[in-house]
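Student: I have a model open on my screen and would like to learn how to read it. Could we go through it together?

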Amino acid sequence: MTQPASLSLDQAPPFAVPFRFFLTAPLFALTAALVLLWQGPDLLSSRWNPALLGTTHLLTLGHMGLIMLGAILQMLPVVAGAPVGRPGLTAALVHTLGTGGIVLLCSGLIFTLPLALKLAMPTLGTALLLFAAMVVVTLRRALPHNMTVRAMRLAALMLAATALLGLTLLSNYAFGWWLQAREALTNLHLTWGLLGWVGILVVGVAYQVVPMFQLTPHYPARLTRWLAPALFVLLPGLALTNHAPRLRILLGTLLAAGFAAFALTTLWLQLKRRRKLPDVTLNFWRGGLLCLLLAIALWLTAQIAPAIGMTQSYSLLLGVLMIAGFAMSVINGMLYKIVPFLVWFHLQSRRGPSGPKVPNVREILPETRTARQMWLHFAALGTLLAAVLWPASFAYPAALLFGASNLWLWLNIVSASRTYHRVNAEIVRANASAA
């Protein structure tokens, strides 16, 4: 396997820096499945159910958030050419505070524990705001004219804004003070988190990883230059138009059009890829992008027929499509390229001229295992959508399938990590013998 020429792999952080995040994240999704199994259909009774809020944060912060933090720590030096100072210490600090804060937040919401919520505020707030500030400062040294870098910077700013909104809402739950604008702030927190932090980051990362890993043509230059900044400007603009419904619908439609343009362009590029072989990552991306388009179609339908937007299932369907459908599918697919590549790269860089054989990426994570987990993920997704509409019939099957999918994902990452440690030990022994 050759190294992509556009990457600064000589500046890659230690193996443990991203992997501590990758190994932890699926356990939060597995916990979310266990909460659904425990609560059953009651969990889906209302979007304001505290247990559902806690379960949602197990997915958005625990699963998606941790993987994205780990991936950014890997990409800052390799893609942006901007090494993080003391990466091991930074990763340990952010991971420890972040993981502890997520556990406190979610347990506080699910079990109604005000003390846990109070403790979550400083731990989680410090982790997220420290990370966002570190990204913005580090990117000042980034390679110029890199559109992925520009999107990462904007996503980090949206992360900081989302975290501040979240801390305000969290203080409401922790101290019981009455927040009159709680519903509006919650919608803003959700929109900026999913479309600003997650959406803009996925858009920016796609500019780099889709052509590189899926062997597609590059994205159109005009789209890479303007899409992320346009989305970034539209999001605060949308927040300022609460009292101007027509302008709000116009800005919302422009935002939806931007994400639809990204999804359709990516699907079109994938049709033109140079290697037409089956690929698990490609299928994860396609499934995620179709969910994004379905979420956009659902939102547009609710604007035309407001009665749909008033139903209990509307916001839950949007949430499942955007979180489990779009974001988790794309992230799951990217893990299956990033994880085996990092294992192979770190082993290959440490191996001496007469060292032991380093397994290739397909041996590190065989496609038979990743493909089966992918089909389980999509089966879980379909069942989750059905559970929103018919909770009494599908809540328990959805919990079992979703839990099994994320347990399998975790086992696949653990397997790759064990391969690294096993071969690395052989390399250390071989190097010691040669010396």
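Tutor: Gladly; let us begin with the inside. A nonpolar core is a set of buried Ala, Val, Leu, Ile, Met, Phe, Trp, Tyr and Cys residues joined through side-chain atoms within 4.5 Å. Here the largest one has 158 residues, and those with the most contacts inside it are F22, M64, F131, W197, I200, F262 and W285. Helix α11 (residues 312-350) supplies the largest share of this core, 25 residues.

Student: What kind of model is this, and how are its residues numbered?

Tutor: This is a predicted model, where local features need pLDDT of at least 70, side-chain atom pairs count only at pLDDT 80 or more, and totals for chains, interfaces and linings use all residues. Residues are numbered from 1 along each chain as its sequence is written, and side-chain values use heavy atoms, with hydrogens and water left out.

Student: How does the radius of gyration fit a compact globule?

Tutor: The radius is taken over C-alpha atoms, and the globule rule is 2.2 Å times the number of residues to the power 0.38. For 435 residues that rule gives a value near 22 Å, and the protein agrees because its own value is 21 Å. Along the principal axes, the C-alpha atoms fill a box of roughly 70 × 45 × 40 Å.

Student: Is H63 buried or exposed, and what does H63 contact?

Tutor: H63 is found in helix α2 (residues 50-78), and it counts as buried because its relative accessibility is 1%. Contact means heavy atoms within 4.5 Å. Leaving aside neighbours within four places in sequence, H63 is in contact with A25, P26, F28, A29, L58, M328, N406 and L409.

Student: Which residues does I200 touch?

Tutor: I200 is among the core residues with the most contacts. Not counting residues up to four places away in sequence, I200 touches A151, L154, A155, M158, L195, A228, L231, F232 and L235.

Student: Where does A142 lie?

Tutor: Look in the loop between α4 (114-138) and α5 (147-175). A142 counts as buried, because its relative accessibility is 17%. Beyond residues up to four places away in sequence, A142 touches A80, A82 and V149. From A142 to N424 there are 282 residues in sequence and 31 Å in space, C-alpha to C-alpha.

Student: What is phi of L215, and where is L215 found?

Tutor: Phi of L215 is near 55 degrees, a positive value in a residue other than glycine. L215 is found in the loop between α6 (182-214) and α7 (221-239), and at 22% relative accessibility it counts as partly exposed.

Key:
Helices (H or I, at least four residues) and strands (E, at least two) are DSSP runs, numbered from the N terminus. Buried means under 20% relative accessible area, exposed over 50%, partly exposed in between (1.4 Å probe, protein chains only).
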